[in-house]
Amino acid sequence: MTTLKRNWGIMGIMFIAALLLMPATQARAETMKCRLVSYLVKAEWSPVGDVKGHVVGFYSRRGLAFFENGEVATFSNRGWFDSTRGKGSYQGYNLYTFEDGSTTIGRVQGTLTPIEGTEQRSIEGTQEFIIGTGRFEGIKGSGTHKGKQVIPYSKEKDLHGDAYYDVINTYTLPSK
């Protein structure tokens, strides 16, 4: 009987120790919010030929991300779009580079919708992190972005498609 009590005692201590250590090994979800301001570096497109105004193309954007915690990161985005008269979809990859050299890369997708009575477009989409470096190594998570193209892109008028987005990402990092 003494051996049975001792075994139950040891198992109880191990169970309590496991419960106490569990929070230290689980990743805690963090929220990353920022205002992203960017412009088109390059955009090229070709007509599809099925209906008037239907184009597909590639784009490259650059800008800055201003985070709630005061950090600033550079931003670049490369992707492709499918649009009919300014309404359509886009997909691509976002790269944030922070001042300490850490980076995150996410796969993005979303929609462009013309704002009636203007040449502007609303922008709304999602992101999924695919890799991180430095303090973001092992990042997992996703988020949303919503914004507006304030100035349309025009080669003839030398306008660069200036836009802003409000970004909310939730992520976890592996425990150290």
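**Strand pairing, core and salt bridges**

In strand β2, Phe58 is the bridge partner of Glu44. The model is predicted, and this pair belongs to an antiparallel arrangement in which 13 bridges join β1 to β2. The two strands form a hairpin with six residues between them. Within the turn, Gly49 has a positive phi of about 100 degrees. Glu44 also takes part in a salt bridge, with Lys42, at 3.2 Å from N to O. Both side chains are in the intermediate class of accessibility: Glu44 is partly exposed at 43%, and Lys42 is partly exposed at 48%.

The mean pLDDT of the protein is 89, and 85% of the residues score at least 70. Helix α1, residues 2-25, has the lowest confidence, with a mean of 55. Strand β4 has the highest, at 98.

Thr31 stands opposite Thr170 of β10. A salt bridge is found between Arg35 and Asp166, with the closest N and O atoms 2.5 Å apart. Arg35 lies in β1 and Asp166 in β10, so this pair ties together parts that are 131 residues apart in sequence. Arg35 is partly exposed, with a relative accessible area of 38%. Asp166 is likewise partly exposed, at 35%.

The largest nonpolar core has 24 residues. Leu36, Phe67 and Tyr96 have the most contacts inside this core. Six strands each supply at least two of its residues: β1 (30-47), β2 (54-67), β3 (72-84), β4 (87-98), β6 (121-133) and β10 (163-172). The most come from β1, which gives five residues. In soluble globular proteins, nonpolar side chains tend to be buried together. Beyond residues up to four places away in sequence, Leu36 touches Leu64, Ala65, Phe75, Tyr96, Ala163, Tyr164, Tyr165 and Val167. Asn94 is placed in strand β4. With a relative accessibility of 6%, Asn94 counts as buried, because this value falls under the 20% cut-off. Its side chain joins that of Asn77 in a polar contact of 2.6 Å. Leaving aside residues up to four places away in sequence, Asn94 touches Phe75, Ser76, Asn77, Thr104, Ile105, Gly106, Val108 and Gln127. Gln120 is the other example. Gln120 sits in the loop between β5 (103-114) and β6. Its relative accessible area is 18%, so Gln120 is buried, again under the 20% limit. The side chain of Gln120 reaches the backbone oxygen of Val150 at 3.1 Å. Contacts of Gln120, not counting residues up to four places away in sequence, are made with Thr113, Pro114, Ile115, Lys148, Gln149 and Val150.

The backbone of Arg85 has a positive phi of about 50 degrees, although the residue is not a glycine.

The salt bridges number five. Besides the pairs described above, Arg135 forms a salt bridge with Asp100, with 2.7 Å between the closest N and O atoms. Arg135 lies in the loop between β6 and β7 (140-149), and Asp100 in the loop between β4 and β5, so the pair ties together parts that are 35 residues apart in sequence. Arg135 is partly exposed, with a relative accessible area of 32%. Asp100 is also partly exposed, at 48%. Glu71 is linked with Asp100 and Arg135 in a network of salt bridges.

Conventions:
Residues numbered from 1 in each chain as written. Predicted model: local features only at pLDDT ≥ 70, side-chain atom pairs only at ≥ 80, totals over all residues. Heavy atoms only, no water. Core = buried A, V, L, I, M, F, W, Y, C linked by side-chain atoms within 4.5 Å. Buried < 20%, exposed > 50% of the residue type's maximum accessible area, 1.4 Å probe, protein only. Helix = DSSP H or I, 4+ residues; strand = E, 2+ residues; numbered from the N terminus. Contact = heavy atoms within 4.5 Å. Pairing = 2+ DSSP bridges. Polar contact = N/O pair within 3.5 Å; in protein donor to acceptor, adjacent residues only side chain to side chain. pLDDT = per-residue confidence, 0-100. Salt bridge = Lys/Arg side-chain N within 4 Å of Asp/Glu carboxyl O.
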